[in-house]
Amino acid sequence: MTEYRNLGRTGVRVSPLALGTMMFGARGNTDHDDSVRIIHHALDSGINFVDTADVYSQGESETIVGKALAGGRRDNVVLATKFHGRLGDDPNESGNSRRWIIREVENSLRRLGTDWIDLYQVHRPEPGTDFDETLGALTDLVRQGKIRSIGTSTFEPSAIVEGQWIAERRGRERVVAEQPPYSLLARGIEREVLPVAQRYGLGVLSWSPLAGGWLTGRYRTGAEQPASSRAERQAARFDIAAPENAAKLAAAEALAVLAEEAGLTLVQLALAFVLEHPAVTSAIIGPRTFEQLESQLGADKVRLSRDVLDRIDEIVPPGTNLSARDAGYTPAVLNDASLRRRSA
């Protein structure tokens, strides 16, 4: 039986495994009927938390989720989606502005076939937009009943704190959840993000708990690299010649050995590890096929011993990202040299 967890301090109870739907649509499973069957199986297996985003296959993922929740399933699902990514050629068809948020929430509601979104998340920070502008628009949507709660994704600790400060000082709705990347190979958020989330009572929904496929058991030294649409789109993140990827491969193999010794699959070890952290509410799984979903269901029932957790810490030290790319977001000040240098 699924043991549901509190989503921060909202009073909403959600399953430890959340169904991520990024792989439904053009960038993954293009068969809508098959994708709906996968979603239904997840719901029938006890998952009540579904996460998507407007930018996933340019809205197609939301449309598929809407089909899956039609016919009476919507009321029993905690539905989350996100905004920020570019959805058109117009310069204002993206970002965190009031103008875009007010427009895009209507598009998401239409695609999802629902009157409300349980958790509406800012998909990435946007330094050029005042965070109060964003929270002001989201607060209006909460008060209109179109969204229930506000979340962020891949925000820096300082930005998470800023959001809490704005809510308190300016009378905005409070951000109640953060969605960061977290896995056995990407533990950087253990340094500050997770402690900050605990301090402010935020729910944490970790994305990429299988490290983009590195922790599925498919990547082995000396073996031909498996075909992957993700690897085709992001070749640099899977190039074994790169030192950080070689380190990930070595760690994944050591973790696979540890999983086998513990009587687990590597997938089970990876998901159980993420769910072991007391700050984490749910781990977002993102299956493309029915078989992938089946391999991940039940991982929330696994409990890791202290010895296994200690061994994990030896393989990948706490607070460590083996690849900087796995942080999910690089602050603008690191990408734009002009922000670090005085003008000549």
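Which residues of helix 5 are buried? The structure examined here is a predicted model, in which local features need pLDDT of at least 70 and side-chain atom pairs count only at pLDDT 80 or more, while totals for chains, interfaces and linings use all residues. Residues are numbered from 1 along each chain as its sequence is written, and side-chain values use heavy atoms, with hydrogens and water left out.

Helix 5 spans residues 157-170, helices (H or I, at least four residues) and strands (E, at least two) being DSSP runs numbered from the N terminus. Its 14 residues reach 20 Å from the first C-alpha to the last, close to the 20 Å expected at 1.5 Å a residue, where the expected span is 1.5 Å times one less than the number of residues. Pro157, Ala159, Ile160, Gly163, Gln164, Ile166 and Ala167 are the buried residues of helix 5 (under 20% relative accessible area, 1.4 Å probe, protein chains only). An α-helix has 3.6 residues a turn, so residues three or four places apart point the same way. The cover over the buried residues of helix 5 includes helix 4 (131-144), strand 8 (175-179) and helix 6 (193-200). After helix 5 comes Gly171, with a positive phi near 70 degrees.

Turning to the whole chain, 12 helices and 10 strands are present, and 53% of the 344 residues count as buried. Residues 24 or more positions apart supply 78% of the contacts with a separation of 6 or more, a contact being heavy atoms within 4.5 Å. The C-alpha atoms fill a box of roughly 65 × 55 × 40 Å along the principal axes.

Conventions: Buried < 20%, exposed > 50% of the residue type's maximum accessible area, 1.4 Å probe, protein only.
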